[in-house]
Amino acid sequence: MIPAVLPVYNRTEFGALRGEGVYLHTDDGRTMLDFASGIAVNSLGHCHPHLVAELKKQAETLWHVSNLYQIPGQQKLAERLVAVSCCDTAFFCNSGAEAMEAAFKMTRKYFDFIGQPDRYRIITMKGGFHGRTIATISAASKPALTDGFAPLLDGFDHVELNDLAAVKAAIGPQTAAIALEPIQGEGGIRPATKEFLQGLAALCKEHGLLLIADEVQCGTGRTGKMFAYEWAGVEPDLIAVAKGIGGGFPLGACLAKEHVAKAMNPGSHGGTYGGNPLAMAVGNAVMDIITAPGFLAKVTEMGDYLGQKLEALKAAYPKQIDEIRGKGLMRGLRLHSDPAPFVKLLREEGLLTVGAADQAIRIVPPLIVEKAHIDEAVDKIDRCCKKLAAASIAA
């Protein structure tokens, strides 16, 4: 008999009972160091007191009104996101997939608006992940996402990440935009190089294309800057935001530059729940913390510390760990073997991580992590590497 909850996930043997900062308490009595963060969602850890207080205050005031009304919290968060990005306006939704869907729709609307409706194709990167709607799995075109869901949406051309020549070759008369994650998350913590991002920006300028940054996982302070694209000094025309901006509350946004957003008008896009008062209260609370003086500098410091510790582990276990990837508090541990058993081993040690493609394990702790937490995590990874090495010798 099929379970009451549709079985589309391979779930853990335990249930999540309670969260507190960087720790998750389970229903079988264990305390886990949570370096998965709900897949980079719990940017400020579990039940951050400021987020809880702001959500409680809003919950006792107003839960929901239609977007047909002015929502003060929405205006405030939009202005704050505009202030910390290169964009001029924000559309609020509930998830990263919806944010990317809005970016795709705005791209088509923009080219129709400027009298070039035949330009609708978007170049995307192999290994990318943009959500699980038909449009976003078509954009990623990864068999694990698309098998059984044909026909996919036309209009996406896929090239290798960091292959600028391939992007140039893919540009045609119908090309409208280039979309990518500055650091691929689900794809195995694979960063786009600074040179590649700058090359894409130059190609967009040369051919009149839009540049779309999917910052759903790598944005909101995760790399030590508000958005990962900032490290390359480029300016996307559209930015998809979600995950960390809600700190665990469903919240997404599509940010757009004015020349693109001008193509949108009342009725051209919308959503029932996006930007509702509860989500806006949490989003503004997250921004209170992340934009506070010194916060992102601390993320950078902790990210560098984590990177150094992981590199030391790689040096100690070269037969087990192939590569350390990523930036800030978004790190990938690429193994020489299938990472799934290692993720399970880490879980048994009390460390939560999350697997990814390309034999990688994502290590994405809350942005509030301290050195002592990182030391604790590295000790657990070290013990698991020893077990893996011992098993290899025994085999």
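Figure 1. A polar contact of 2.3 Å joins the side chain of Thr26 to the side chain of Asp28, in a structure that is a predicted model. Thr26 has its place in strand S2, which covers residues 23–26, and with a relative accessible area of 3% it is buried. When its neighbours within four places in sequence are left aside, Thr26 is in contact with Phe14, Gly15, Leu17 and Met32.

**Figure 2. The open sheet of seven strands.** The strands of this open sheet follow the order S4-S12-S11-S10-S7-S5-S6, and their pairing is mixed. Strand S4 (89–93) and strand S6 (156–159) stand at the edges with a single partner strand each, so that one side of each has no neighbour in the sheet. Neighbouring strands are turned by 20 degrees against each other on average, if direction is ignored. Strands of a sheet pair through backbone hydrogen bonds, and they do so either parallel or antiparallel. An example of the parallel kind is given by strand S5 (residues 121–125) and strand S7 (residues 175–180), which are joined by four bridges, with Thr175 in S7 as the bridge partner of Arg121. Helix H4 (residues 96–113) packs on the sheet and touches S4, S5, S6, S7, strand S10 (210–214), strand S11 (238–241) and strand S12 (252–256), while its direction makes about 175 degrees with that of S10.

**Figure 3. Strand S12 between its two antiparallel partners.** Strand S12 pairs with S4 in the antiparallel sense over five bridges, and Ala256 of S12 is the bridge partner of Thr89. The pairing of S12 with S11 is also antiparallel and runs over four bridges, with Ala253 of S12 as the bridge partner of Val241. Five of the five residues of S12 are buried, so the strand is mostly covered. Gly252, Cys254 and Ala256 point one way from the strand, whereas Ala253 and Leu255 point the other way, and all of them are buried.

Figure 4. Because 13 of its 14 residues are buried, H10 is largely enclosed by the rest of the structure.

**Figure 5. Leu44, a buried loop residue.** Leu44 is found in the loop between helix H1 (37–40) and helix H2 (49–59), and its relative accessible area of 1% means that it is buried. Although Leu44 and Leu367 are 323 residues apart in sequence, their C-alpha atoms are 5.7 Å apart in space. Beyond its neighbours within four places in sequence, Leu44 is in contact with Leu51, Val286, Ile289, Ile290, Phe295, Pro366 and Ile368.

Figure 6. In soluble globular proteins, nonpolar side chains tend to be buried together. The largest nonpolar core here has 74 residues, of which Met125, Val167, Ile178, Leu180, Leu333, Phe342 and Ile381 touch the most other members. Helix H10 gives this core its largest share, eight residues. Apart from this core lies another, of 27 residues, which include Tyr110, Ile122, Val216 and Leu238.

Notes
Residues are numbered from 1 along each chain as its sequence is written. This is a predicted model: local features need pLDDT of at least 70, side-chain atom pairs count only at pLDDT 80 or more; totals for chains, interfaces and linings use all residues. Side-chain values use heavy atoms; hydrogens and water are left out. Two strands pair if DSSP finds at least two bridges between them. Axes are lines fitted to C-alpha atoms, for helices over the stretch in contact, and angles run from 0 to 180 degrees between N-to-C directions. Contact means heavy atoms within 4.5 Å. Buried means under 20% relative accessible area, exposed over 50%, partly exposed in between (1.4 Å probe, protein chains only). A nonpolar core is a set of buried Ala, Val, Leu, Ile, Met, Phe, Trp, Tyr and Cys residues joined through side-chain atoms within 4.5 Å. A polar contact is a pair of N or O atoms within 3.5 Å; within protein, one must be able to donate a hydrogen and the other to accept it, and residues adjacent in sequence count only if both atoms are side-chain atoms.
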